[in-house]
Amino acid sequence: MRLAETVLERIGARAEAEVRVAGGSSALTRFANSFIHQNVGEEGDVVSLRMAADGRVASGTTSNVDPDRLGVFVEETLERCRVQPVDPHWPGLTGEDPGGPAVDHYDPATAAAEPADRAGRVAAFGAAGPDMEAAGYCSTSGVEIAFANSAGVSHEGRYTAATLDGIHRTGTSAGSGHAASNRLDDIDAAAVGALAAERATGSVGAYDVKPGDYQVVLSPECVATIGIFLAYYGFNGKFHNEGMSFAEVGADQFDPAINLVDDATDARAVGIGFDTEGTRRSPVTLVETGATKGLFHDRRTAAQAGAASTGHAAPGSEVYGPVPSALFFAPGDRSAEDLIEEVDRGIYVATFNYCRVLDPKTMAVTGLTRNGTFMIENGRITGAVTGMRFTQSFLAALGPGNVLGIGNDARWADSEFGPLIVNAPSMWLGSWHFTGGTEA
Amino acid sequence: MFDYAQAAVEGALAAGAAYADARVVIATTESIDVQNRVVESVDRTETAGVGVRALIGSSWGFYATADLTDTAARGAGAMAARIADASATVPGPKMVLADVPVVTDEYVTPHEEDPLAVPLAEKVDLLVEVTGTMEAVEGIAIARGNLTCWVTDKWFVSSQGHRIKQRLVESGGGYDATAVGESETQRRSYPQSFGQFETGGYETVRRWDYAGNAARIAEEAAALLGAPAVEEGEKQLILEGSQLGLQIHESVGHAIELDRILGWEAAFAGTSHLELERLHHHRYGSEVMNITADATLPGALGTFGYDDEGTPAQRIDIVTEGRWVGVLSGRDSASIAELTPGGMVRGDGHNRLPMVRMTNVGLLPGAGTLEEIIADTADGILMSTNRSWSIDDRRLNFQFGCEIAWEVKNGRKGKMVRNPTYTGITPQFWATMDRLAGDTELVHWGTPNCGKGQPMQVAHTGHSAAPARFAKVRVGVKA
């Protein structure tokens, strides 16, 4: 906090200003062909500054916290303000902190994890598939963030994060496993490795199936990717203001079984309780029993929409809009196996890969399946199928009548945008449009 | 700054490393974003620090600190060695780094105008002007423009004696117009999606006629909303250069990365459909397909003096007359594959481990012009400017969407169609390339957002391409 205050003191009354100082360490141990091939760590502070001088706005970031350099950094940023046109949409600084629940998703043991701790998880993952080749990573981080602005608002926050993600490969197949938490000790590396090994073994002998519409049971990883795409492109206040979003607040756009909230205050979440503008992150109900209920806002999008910021500003959100912090799909009451038992003919998908939006309003997305795609017949998995390409509206996928069941297995799942953003269960969907195989 | 890099190397060696190298990197990025004549963001980011690699046995460790002091640099070296020790608890096969020349040198990107010295007001005015021109076109809801430049100073030291100073200067930008309809949106971009970026100064921006193309781009976006959708079927496909550049990036550039071929990216980016034993034998495409990886191309975005292992930039053949003949490699991957290191290992800033990255992977030009290709096409479709891209983890099955397309019938460019997509399988697709335009239409397209690695790294790569035609391609895939 002292560093943030020092920067504010240097600016004085010359501009409105907000300062964010992030520091800490992170490390990632990567393995492939069953050995550790890349193993990295880093430490350092980063100072981010946004200033508005008479409505003229500029920002800067530096990792050089030498006092003299910081002084130059402040003057350079102020000079960039002065040559800008006035920003007619400048919403001003966060002026008052209404208070809220304490958010402290921090585990000292995770922050202090040693290279040997991560290597041990890698070894346990690999041991679960002794005759296969393992690949993936184990990461840990501990971050502390201080925020202060010239309107008198200040916050301090910290968080930890840990992830183990990997695959096992036979000569002809692969299967994936994933676990993530704000505590390294929550991760059972042997169990993650065992799931990956089971999926890899089950994928041997995969065959092609004809493209077309199939019922699907999607793993939490696939549902997480659907969730992050809907959140980023649809519930984004900027895109909504611009008419680019599918979201219609109050409309029944989803199946009644769908409930989706963003809640950084949840004890399971990763991250801090305030955003880059110093606004506390409010829980946001995005979908309630199928009805679209809310959007993410930062101060700029909120002012344009006549709403209040929900505390979802992030680096770059001036351009890309506010982003989710901790998405939670409400789980169902049946296991993934129970969902599979109800499928007469369909496909189980462990992981999506390389998903890209064709149009943000329709949420038409193309992507592929990977590391575990299985045929379901008469309520059980009867064999593996080769990876498939799909072109499917993610909005329609969760649309009214298409969600036939939700699993009770919600957890932090990997997504196209990375881990620890979406807590998702398995889902059984009535129709999914596959457009081709991966090799024909 | 060499002293900090040297201290980091000495710290690693003192802690037991057999080999170490270190980079001090000071990187400045300036980015300006304007939407509908309003400045959304004017940002300058400076990162500084030292990153050090330590090799113990065949196991690597890497550590980075933003604290540029002798003590912190030595500590980072020692930590890198400790991490390498931990790596050795799950060891790989024996590996000896491939030899490269030990060099003391300095390199500066050739450039005319320091992009950071060009007045901000001039850059902002340009973007306000072009977004204003686009916004004024009826039907355009969103007009966006961006200019970005990177100035990166690196000091590289290795325990074998390298001392290399480089200053890399990269500049570029672009703009797009979006028309928002009832149920879908249509976008057009210039010079290409995400903008056009090159090595060089602000002169690279001036070379593209920003003001002169804004109205056309916006009119095309507005017209697309009312255009018919592309029909599904198999057709002759003509790709303009920037889309072909991305096609090369995704279906050739990543597939030829030796780390992927060796399985080092299996869990994340993926592997490759290429098998090393098929090098020099595998048919990648038709005989008009000649691809090089050339880190020495003046102005191309993947150009530098030395890679981040101290290996000189070089040009190698990748595909010759359709046959696969080369890979992208570094000192460790080349050693394992018993090849010569290609000098293609780069890291994203001081705090990222250098890894195999594309340089400038591009098509050598053919003959003729786009106009001549169109005149020679009976029933085809011309697609331009990428809108979406997706490809599987072996770089085989791809589907691309473009912003705009035109029917080509009996040698004439016909009506505009919207939502064009095409899909294919890499070797089958490249085998159908039957026309490739000549060097008058060759552009070194830049890709500034190539993601790879964990933690994620972003690399800047170049892809030379002129328009080309493919004989029979599935187009118009729908949701």
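Author: Two strands pair if DSSP finds at least two bridges between them. Keep that in mind while we look at this predicted model.

Reader: Why are strand β8 and strand β11 of chain A said to pair?

Author: Strand β8 (residues 260-262) and strand β11 (residues 327-329) of chain A share three bridges, in the antiparallel sense. The rule asks for at least two, so they count as paired. One bridge joins A:Val261 to A:Phe328 in β11(A).

Reader: Why is the meeting of A:Glu318 and A:Arg50 called a salt bridge?

Author: Their side chains come to 3.9 Å, N to O. The cut-off is 4 Å between a side-chain nitrogen of Lys or Arg and a carboxyl oxygen of Asp or Glu, so this pair passes.

Reader: How do you know that domain 1 and domain 2 of chain A touch?

Author: The domain assignment gives domain 1 as 2-199 and domain 2 as 206-440 in chain A. Contact needs heavy atoms within 4.5 Å, and 39 residues of domain 1 are in contact with 35 residues of domain 2. The area buried between these two domains of chain A is about 2,900 Å², with carbon and sulfur atoms giving 53%. Across that interface, the rule finds four salt bridges.

Key. Residues are numbered from 1 along each chain as its sequence is written. Chains are lettered from A and ligands numbered from 1 in the order in which they are written. This is a predicted model: local features need pLDDT of at least 70, side-chain atom pairs count only at pLDDT 80 or more; totals for chains, interfaces and linings use all residues. Side-chain values use heavy atoms; hydrogens and water are left out. Helices (H or I, at least four residues) and strands (E, at least two) are DSSP runs, numbered from the N terminus. Domain bounds come from an automatic or database domain assignment. Buried area is the accessible area (1.4 Å probe) that two parts lose on being put together, summed over both.
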